[in-house]
Amino acid sequence: MTAIEIRPATLADAQTIAALHVACWGETYTPLAPAEILAEYTLETRLAQWRETLDGAGPQQPPPNVFLALREGSAIGFSACGAQQSAILGERGYAGEFQAIYLLKEAQQLGAGRGLMRVMAQALRERGIEWGSLWVLRHNFTARKFYEKLGGRKIGVEGDWRGVPEVAYGWRDLRLLIDPPPAKPW
């Protein structure tokens, strides 16, 4: 098995992350979201977003932590985390948010997703945040199963992303993503 490298992203990675973002959206969301929404996610729009984010000029202050996953030197995924952006989840005590985690389909189930969640949990804890959450499309069962396997619990909150239903998952102890307990035997 080839080792996965995860490192903090820099402004020089904006093009790579934008391309990954568009590719992952196409692979994952084509059956889950309306075509007109997906059409808005172009390389140009994502590149502008990621340049702004990685330059620290975005609206979220402090800016999110962004990480890039590589396999044999090739980018296979990325993630971003930071302060909670959802008022309803913030009111429930989830001060941190896993804002993005995307892997190319060919790179799934290799440990990169778990690694990205681990480094995001570490980054949130370094900010003094103990609880983290995320939003996932209700019908994205692959992602939901992944989050549940990592100890995420469905929070009794549902959202709507441009007409597409979402559910929230949360972790009340981010240390469990950093140093998970051993798997239980059957």
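Guide: Asp 13 counts as buried, since its relative accessibility is 8%. The model is a predicted one.

Visitor: What cut-off separates buried from exposed?

Guide: Buried means under 20% relative accessible area and exposed means over 50%. Asp 13, at 8%, therefore falls in the buried class.

Visitor: Where is Asp 13 placed, and which residues does Asp 13 touch?

Guide: Asp 13 sits in the loop between strand E1 (4-8) and helix H1 (14-29). Not counting residues up to four places away in sequence, Asp 13 touches Arg 7, Pro 8, Leu 54 and Leu 68.

Visitor: Is Gly 111 buried, partly exposed or exposed?

Guide: Gly 111 has 42% relative accessibility and so counts as partly exposed. Its place is in the loop between E4 and H5. Between the C-alpha atoms of Gly 111 and Gly 96 there are 23 Å, with the two residues 15 apart along the chain.

Visitor: Which phi value does Gln 109 have?

Guide: Gln 109 has a positive phi of about 65°, although this residue is not a glycine. Gln 109 is found in the loop between E4 and H5 and, at 81% relative accessibility, counts as exposed. Glu 72 also calls for a look: this residue is not a glycine, yet has a positive phi of about 55°. Glu 72 lies in the loop between E2 and E3 and is exposed, with a relative accessible area of 65%.

Visitor: Now the helix pairs. At what angle do H1 and H3 pack?

Guide: H1 and helix H3 (residues 43-54) pack at about 135°, and their axes are 8 Å apart. Angles over 145 degrees count as roughly antiparallel and 65 to 115 as roughly perpendicular; H1 and H3 are therefore oblique to each other. Their crossing is right-handed.

Visitor: Which residues make that contact?

Guide: H1 contributes Ala 14, Gln 15, Ile 17, Ala 18, Ala 19, His 21 and Val 22, while H3 contributes Leu 43, Arg 46, Leu 47, Gln 49, Trp 50, Arg 51 and Leu 54. By class, the contact of H1 with H3 has nine nonpolar, three polar and two charged residues.

Visitor: How do H5 and H6 cross?

Guide: The axes of helix H5 (residues 112-126) and helix H6 (residues 141-149) come within 11 Å and cross at roughly 60°. H5 and H6 are therefore oblique to each other, and the crossing is right-handed. Gly 113, Arg 114 and Met 117 of H5 meet Phe 146, Tyr 147 and Lys 149 of H6. Three of the residues in this contact are nonpolar, one is polar and two are charged.

Visitor: Which residues is Leu 174 in contact with?

Guide: Leaving aside neighbours within four places in sequence, Leu 174 is in contact with Phe 98, Ala 121, Leu 124, Arg 125, Ile 129, Glu 130, Trp 131 and Gly 132.

Technical notes: Residues numbered from 1 in each chain as written. Predicted model: local features only at pLDDT ≥ 70, side-chain atom pairs only at ≥ 80, totals over all residues. Heavy atoms only, no water. Axes fitted to C-alpha atoms, helices over the stretch in contact; angles between N-to-C directions. Helix = DSSP H or I, 4+ residues; strand = E, 2+ residues; numbered from the N terminus. Parallel < 35°, antiparallel > 145°, perpendicular 65-115°, else oblique. Left-handed = near helix turned anticlockwise from the far one by under 90°. Contact = heavy atoms within 4.5 Å. Nonpolar A, V, L, I, M, F, W, Y, C, P; charged D, E, K, R; others polar. Buried < 20%, exposed > 50% of the residue type's maximum accessible area, 1.4 Å probe, protein only.
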